[in-house]
Amino acid sequence: MPLLVTGALGNTGRYVLKNLLDSGYEVIAIDLKNNHTLKNLKEIKGGNLFIEWIDLTIYKELEKVFLKYKIDAIIHLAFVI
């Protein structure tokens, strides 16, 4: 069951992402590409992970993700502190 996680490499998302991968889920991770998210990505080991570096506020970028993957559920963690 492929899960889409927004904000997957942020402060909260990385812990959720690790737990999902450790539990055997296929995860499509969406986040902005920056130094913080790239650093957090280095902490993620193994699992069935697909990364999409997109901006959720740009509809066309998000649409491409939904056309590329068959997504069964969404965990929305993207937000600006």
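Let's start with N48, which sits in strand β3 (residues 48-53); strands (E, at least two residues) and helices (H or I, at least four) are DSSP runs numbered from the N terminus. This is a predicted model, where local features need pLDDT of at least 70 and side-chain atom pairs count only at pLDDT 80 or more, while totals for chains, interfaces and linings use all residues. Numbering runs from 1 along each chain as its sequence is written, and side-chain values use heavy atoms, with hydrogens and water left out.

**N48**
- N48 is partly exposed, at 38% relative accessible area (buried is under 20%, exposed over 50%, partly exposed in between; 1.4 Å probe, protein chains only).
- Skipping neighbours within four places in sequence, N48 is in contact (heavy atoms within 4.5 Å) with L21, Y25, E26 and V27.
- G24 is 24 residues from N48 in sequence, yet their C-alphas are 7.5 Å apart in space.

- Beyond residues up to four places away in sequence, V27 touches L3, V5, L17, L20, L21, N48, L49 and F50.

**T37**
- T37 belongs to helix α2 (residues 35-41).
- With a relative accessible area of 3%, T37 is buried.
- Leaving out neighbours within four places in sequence, T37 is in contact with L9, D31, L32 and W53.
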